Amino acid sequence: MADPWQNAMDHAVAVARKAGEVVCDALRGDRAVMTKSSVVDLVTQTDQKVEQLIIQSVKEKFPTHRFIGEESVAAGEPCVLSDSPTWIIDPIDGTTNFVHAFPFVAISIGFAINKQVEFGVVFSCVEDKMFTARRGKGAFCNGEPLQVSRQEAVEQAMVATEFGSDRDADVVDKIFQSLRNILCLPVHGVRGAGSAAINMCLVASGCVEAYYEMGIHVWDVAAASLIVSEAGGVLMDVDGGDVDLMSRRIIAANSKTITERLVKAIVPFSLPRDDAT
Ligand code: IPD
(Lines give C-alpha, C1' and ligand atoms only; values in the text may rest on other atoms or scores of the structure.)
Protein backbone atom coordinates (compact mmCIF):
# COMPACT_ATOMS: atom_id res chain seq x y z
CA MET A 1 0.00 0.00 0.00
CA ALA A 2 1.25 3.48 -0.85
CA ASP A 3 2.48 5.49 2.12
CA PRO A 4 -0.22 8.13 2.86
CA TRP A 5 2.38 10.51 4.28
CA GLN A 6 5.12 10.17 1.65
CA ASN A 7 4.00 13.41 0.06
CA ALA A 8 4.20 15.26 3.39
CA MET A 9 7.61 13.80 4.13
CA ASP A 10 8.93 14.78 0.69
CA HIS A 11 7.63 18.27 1.37
CA ALA A 12 9.36 18.36 4.77
CA VAL A 13 12.68 17.41 3.16
CA ALA A 14 12.29 20.05 0.44
CA VAL A 15 11.34 22.84 2.83
CA ALA A 16 14.10 21.86 5.29
CA ARG A 17 16.61 22.19 2.44
CA LYS A 18 15.23 25.61 1.50
CA ALA A 19 15.34 26.68 5.17
CA GLY A 20 18.93 25.44 5.36
CA GLU A 21 19.90 27.76 2.51
CA VAL A 22 18.42 30.72 4.40
CA VAL A 23 20.28 29.71 7.59
CA CYS A 24 23.61 29.21 5.78
CA ASP A 25 23.23 32.57 3.99
CA ALA A 26 22.51 34.27 7.32
CA LEU A 27 25.60 32.63 8.83
CA ARG A 28 27.68 34.66 6.37
CA GLY A 29 26.08 37.96 7.43
CA ASP A 30 25.21 39.94 10.59
CA ARG A 31 23.03 38.16 13.12
CA ALA A 32 21.16 40.47 15.51
CA VAL A 33 20.50 38.63 18.77
CA MET A 34 17.46 38.89 21.05
CA THR A 35 16.73 36.96 24.25
CA LYS A 36 13.74 34.90 25.42
CA SER A 37 13.36 33.14 28.81
CA SER A 38 16.82 34.20 30.05
CA VAL A 39 19.83 36.22 28.91
CA VAL A 40 21.35 33.08 27.45
CA ASP A 41 18.17 31.81 25.74
CA LEU A 42 18.79 33.38 22.35
CA VAL A 43 16.69 34.02 19.28
CA THR A 44 17.40 35.82 16.01
CA GLN A 45 15.31 37.17 13.17
CA THR A 46 16.48 34.19 11.14
CA ASP A 47 14.81 31.76 13.60
CA GLN A 48 11.54 33.68 13.16
CA LYS A 49 11.87 34.05 9.40
CA VAL A 50 12.69 30.37 8.87
CA GLU A 51 9.81 29.20 11.05
CA GLN A 52 7.38 31.37 9.05
CA LEU A 53 8.83 30.09 5.79
CA ILE A 54 8.27 26.46 6.86
CA ILE A 55 4.78 27.02 8.30
CA GLN A 56 3.57 29.02 5.27
CA SER A 57 4.85 26.48 2.82
CA VAL A 58 3.26 23.55 4.74
CA LYS A 59 -0.05 25.43 5.16
CA GLU A 60 -0.31 25.91 1.38
CA LYS A 61 -0.13 22.14 0.85
CA PHE A 62 -1.82 20.89 4.01
CA PRO A 63 -4.22 23.62 5.15
CA THR A 64 -5.89 21.57 7.92
CA HIS A 65 -2.69 20.50 9.65
CA ARG A 66 -1.59 21.92 13.00
CA PHE A 67 1.76 23.27 14.15
CA ILE A 68 3.97 23.44 17.18
CA GLY A 69 6.82 25.80 16.36
CA GLU A 70 9.48 27.03 18.76
CA GLU A 71 9.11 30.69 17.85
CA SER A 72 5.30 30.55 17.55
CA VAL A 73 5.12 29.13 21.08
CA ALA A 74 7.53 31.85 22.27
CA ALA A 75 5.11 34.38 20.71
CA GLY A 76 2.19 32.93 22.71
CA GLU A 77 0.78 30.13 20.53
CA PRO A 78 -0.30 27.03 22.51
CA CYS A 79 1.99 24.00 22.64
CA VAL A 80 -0.61 21.27 22.24
CA LEU A 81 -0.11 17.87 20.69
CA SER A 82 -3.57 16.59 19.74
CA ASP A 83 -4.43 13.52 17.64
CA SER A 84 -4.57 15.73 14.51
CA PRO A 85 -1.67 15.78 12.04
CA THR A 86 0.84 18.14 13.67
CA TRP A 87 4.13 19.52 12.38
CA ILE A 88 6.65 20.07 15.21
CA ILE A 89 9.22 22.59 14.06
CA ASP A 90 12.50 23.95 15.34
CA PRO A 91 13.66 26.44 12.67
CA ILE A 92 17.21 26.56 14.06
CA ASP A 93 18.18 23.94 16.60
CA GLY A 94 21.43 25.29 17.91
CA THR A 95 20.59 28.99 17.93
CA THR A 96 23.53 29.78 20.24
CA ASN A 97 25.81 28.00 17.76
CA PHE A 98 24.21 30.00 14.95
CA VAL A 99 24.85 33.29 16.78
CA HIS A 100 28.52 32.38 17.19
CA ALA A 101 28.86 30.75 13.74
CA PHE A 102 29.77 27.50 15.51
CA PRO A 103 29.04 25.21 12.61
CA PHE A 104 26.41 22.81 14.00
CA VAL A 105 22.88 24.04 13.38
CA ALA A 106 19.87 22.09 12.21
CA ILE A 107 16.39 22.56 10.89
CA SER A 108 14.20 20.04 12.69
CA ILE A 109 10.76 18.99 11.42
CA GLY A 110 8.76 16.23 13.08
CA PHE A 111 5.30 15.13 12.00
CA ALA A 112 2.94 13.42 14.44
CA ILE A 113 -0.51 11.85 14.21
CA ASN A 114 -2.35 10.48 17.23
CA LYS A 115 0.58 11.86 19.26
CA GLN A 116 2.97 9.45 17.52
CA VAL A 117 5.83 10.74 15.38
CA GLU A 118 5.31 9.43 11.83
CA PHE A 119 8.37 10.96 10.21
CA GLY A 120 11.30 13.12 11.24
CA VAL A 121 13.63 15.32 9.20
CA VAL A 122 16.76 16.94 10.65
CA PHE A 123 18.88 18.95 8.22
CA SER A 124 22.33 19.80 9.57
CA CYS A 125 22.76 22.49 6.96
CA VAL A 126 26.43 23.48 7.41
CA GLU A 127 27.45 19.82 7.23
CA ASP A 128 24.91 19.31 4.40
CA LYS A 129 23.56 16.20 6.14
CA MET A 130 19.88 15.39 5.65
CA PHE A 131 18.74 12.94 8.33
CA THR A 132 15.35 11.33 7.74
CA ALA A 133 13.22 8.62 9.29
CA ARG A 134 9.78 7.24 8.51
CA ARG A 135 8.14 5.11 11.21
CA GLY A 136 8.77 1.44 10.47
CA LYS A 137 11.01 2.18 7.49
CA GLY A 138 14.42 2.97 8.97
CA ALA A 139 16.59 6.04 9.37
CA PHE A 140 18.92 7.57 6.80
CA CYS A 141 21.55 10.26 6.33
CA ASN A 142 21.72 11.58 2.76
CA GLY A 143 19.99 8.36 1.73
CA GLU A 144 22.43 6.01 3.51
CA PRO A 145 20.91 3.77 6.23
CA LEU A 146 21.80 4.59 9.83
CA GLN A 147 22.56 2.11 12.59
CA VAL A 148 23.35 2.89 16.24
CA SER A 149 26.63 1.72 17.76
CA ARG A 150 26.76 -1.88 19.01
CA GLN A 151 28.98 -0.94 21.98
CA GLU A 152 27.28 -2.08 25.21
CA ALA A 153 30.11 -1.35 27.67
CA VAL A 154 29.52 2.08 29.15
CA GLU A 155 33.24 2.29 30.03
CA GLN A 156 33.94 2.37 26.28
CA ALA A 157 31.15 4.75 25.40
CA MET A 158 31.08 8.35 24.22
CA VAL A 159 28.20 10.32 25.72
CA ALA A 160 26.76 13.58 24.43
CA THR A 161 24.99 16.15 26.56
CA GLU A 162 24.45 19.91 26.84
CA PHE A 163 24.39 22.45 29.66
CA GLY A 164 21.16 24.12 28.42
CA SER A 165 20.23 27.73 29.06
CA ASP A 166 19.22 27.71 32.74
CA ARG A 167 21.83 29.52 34.84
CA ASP A 168 20.12 28.95 38.19
CA ALA A 169 22.96 27.75 40.48
CA ASP A 170 20.95 24.80 41.89
CA VAL A 171 20.09 23.58 38.41
CA VAL A 172 23.70 23.99 37.26
CA ASP A 173 24.87 22.01 40.35
CA LYS A 174 22.55 19.11 39.44
CA ILE A 175 23.75 19.18 35.83
CA PHE A 176 27.35 19.00 37.07
CA GLN A 177 26.58 16.19 39.54
CA SER A 178 25.21 14.08 36.69
CA LEU A 179 28.17 14.96 34.51
CA ARG A 180 30.62 14.03 37.28
CA ASN A 181 28.87 10.69 37.89
CA ILE A 182 28.95 9.88 34.18
CA LEU A 183 32.59 10.91 33.67
CA CYS A 184 33.54 8.73 36.64
CA LEU A 185 31.70 5.60 35.44
CA PRO A 186 34.13 6.12 33.61
CA VAL A 187 33.18 6.78 29.98
CA HIS A 188 35.62 7.36 27.12
CA GLY A 189 34.43 10.96 26.75
CA VAL A 190 31.64 13.49 26.90
CA ARG A 191 30.80 15.75 23.95
CA GLY A 192 28.14 18.22 22.95
CA ALA A 193 27.41 19.58 19.47
CA GLY A 194 25.27 22.44 20.79
CA SER A 195 22.14 21.11 19.10
CA ALA A 196 19.92 18.46 20.67
CA ALA A 197 18.79 17.26 17.25
CA ILE A 198 22.36 16.87 15.96
CA ASN A 199 23.43 15.10 19.17
CA MET A 200 20.59 12.63 18.63
CA CYS A 201 21.56 12.14 14.99
CA LEU A 202 25.09 11.38 16.25
CA VAL A 203 23.53 8.60 18.37
CA ALA A 204 21.63 7.34 15.32
CA SER A 205 24.86 7.43 13.28
CA GLY A 206 26.78 5.39 15.88
CA CYS A 207 29.30 8.19 16.63
CA VAL A 208 28.22 8.49 20.27
CA GLU A 209 26.50 5.79 22.29
CA ALA A 210 24.10 8.11 24.11
CA TYR A 211 22.77 11.62 24.54
CA TYR A 212 20.85 12.92 27.52
CA GLU A 213 19.58 16.33 28.58
CA MET A 214 17.11 17.94 30.96
CA GLY A 215 15.75 21.23 29.63
CA ILE A 216 15.12 20.38 25.99
CA HIS A 217 11.78 21.11 24.33
CA VAL A 218 9.50 18.99 22.17
CA TRP A 219 10.61 20.83 18.98
CA ASP A 220 14.29 20.03 19.73
CA VAL A 221 13.74 16.28 19.90
CA ALA A 222 10.51 15.21 18.13
CA ALA A 223 12.03 14.58 14.69
CA ALA A 224 15.30 13.15 16.00
CA SER A 225 13.52 10.79 18.42
CA LEU A 226 12.21 8.82 15.44
CA ILE A 227 15.61 8.97 13.72
CA VAL A 228 17.17 7.37 16.83
CA SER A 229 14.53 4.67 17.25
CA GLU A 230 14.49 3.82 13.54
CA ALA A 231 18.30 3.46 13.69
CA GLY A 232 17.79 0.82 16.38
CA GLY A 233 18.19 3.07 19.42
CA VAL A 234 16.34 3.40 22.71
CA LEU A 235 14.51 6.42 24.16
CA MET A 236 13.86 6.78 27.88
CA ASP A 237 13.14 9.38 30.50
CA VAL A 238 16.18 10.24 32.64
CA ASP A 239 14.45 8.53 35.60
CA GLY A 240 14.11 5.24 33.70
CA GLY A 241 10.41 5.71 32.82
CA ASP A 242 8.87 6.00 29.39
CA VAL A 243 10.00 8.96 27.34
CA ASP A 244 7.48 11.80 27.20
CA LEU A 245 8.33 14.38 24.52
CA MET A 246 6.58 17.15 26.49
CA SER A 247 8.47 16.48 29.75
CA ARG A 248 11.66 18.26 28.62
CA ARG A 249 13.89 15.31 29.59
CA ILE A 250 15.38 12.59 27.42
CA ILE A 251 17.95 9.85 27.10
CA ALA A 252 18.52 8.63 23.55
CA ALA A 253 20.95 5.74 23.41
CA ASN A 254 22.13 2.79 21.38
CA SER A 255 20.96 0.16 23.88
CA LYS A 256 18.93 -0.55 27.01
CA THR A 257 22.15 -1.55 28.81
CA ILE A 258 23.82 1.83 28.33
CA THR A 259 20.57 3.70 29.00
CA GLU A 260 20.13 1.93 32.34
CA ARG A 261 23.71 2.73 33.39
CA LEU A 262 23.06 6.40 32.62
CA VAL A 263 19.76 6.40 34.52
CA LYS A 264 21.68 5.33 37.65
CA ALA A 265 24.21 8.15 37.17
CA ILE A 266 21.88 11.03 36.29
CA VAL A 267 20.46 13.25 39.04
CA PRO A 268 16.99 13.92 37.64
CA PHE A 269 15.08 17.13 38.16
CA SER A 270 11.66 18.28 36.95
CA LEU A 271 10.91 21.13 34.60
CA PRO A 272 7.69 22.87 33.66
CA ARG A 273 6.18 20.76 30.87
CA ASP A 274 5.99 22.16 27.35
CA ASP A 275 2.24 21.56 27.30
CA ALA A 276 1.59 23.12 30.73
CA THR A 277 -0.98 25.85 30.22
C1 IPD B 1 18.63 24.21 22.15
C2 IPD B 1 19.74 23.34 21.64
C3 IPD B 1 20.74 23.08 22.76
C4 IPD B 1 20.10 22.47 23.98
C5 IPD B 1 18.90 23.29 24.43
C6 IPD B 1 17.94 23.50 23.29
P7 IPD B 1 17.52 25.86 20.35
O8 IPD B 1 17.68 24.43 21.13
O9 IPD B 1 19.24 22.11 21.17
O10 IPD B 1 21.73 22.19 22.35
O11 IPD B 1 21.02 22.44 25.02
O12 IPD B 1 18.27 22.57 25.49
O13 IPD B 1 16.83 24.25 23.73
O14 IPD B 1 17.07 26.84 21.38
O15 IPD B 1 18.86 26.19 19.79
O16 IPD B 1 16.47 25.55 19.35
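In this predicted model, a polar side-chain atom of Asp-90 lies 2.8 Å from an oxygen atom of the ligand. Pairs of N or O atoms within 3.5 Å count as polar contacts. A backbone N or O atom of Ala-196 lies 2.9 Å from an oxygen atom of the ligand. For Ser-195, a backbone N or O atom lies 3.3 Å from a ligand oxygen atom. Taken alone, the ligand exposes 380 Å², and the protein buries 88% of that. Such areas come from the Shrake-Rupley method with a 1.4 Å probe.

The model is predicted, so local features need pLDDT of at least 70 and side-chain atom pairs pLDDT 80 or more, while totals for chains, interfaces and linings use all residues. Residues are numbered from 1 along each chain as its sequence is written, and side-chain values use heavy atoms, without hydrogens and water.

The shell around the ligand has 15 residues. Asp-90, Asp-93, Gly-94, Thr-95 and Glu-213 come nearest. The shell divides into three nonpolar, six polar and six charged residues. Here Asp, Glu, Lys and Arg count as charged; Ala, Val, Leu, Ile, Met, Phe, Trp, Tyr, Cys and Pro count as nonpolar; the others, Gly among them, count as polar. Strand β4 (residues 86-93) gives the largest share of the shell, three residues. Strands are DSSP runs of E with at least two residues, and helices are runs of H or I with at least four, numbered from the N terminus. Domain 1 (6-145) and domain 2 (154-265) both give residues to the shell, so the ligand lies between them. The domain bounds come from an automatic or database assignment.

Some backbone features were also found. The peptide bond from Leu-185 to Pro-186 is cis, with omega near -5°. Pro-186 lies in the loop between α5 (169-183) and β11 (189-191). Lys-115 is not a glycine, yet has a positive phi of about 65°. Lys-115 lies in the loop between β5 (106-113) and β6 (116-124). Asp-128, also not a glycine, has a positive phi of about 55°. Asp-128 lies in the loop between β6 and β7 (129-134).

Terms used:
A residue is near a molecule or strand if one of its heavy atoms lies within 4 Å of it. A polar contact is a pair of N or O atoms within 3.5 Å; within protein, one must be able to donate a hydrogen and the other to accept it, and residues adjacent in sequence count only if both atoms are side-chain atoms.
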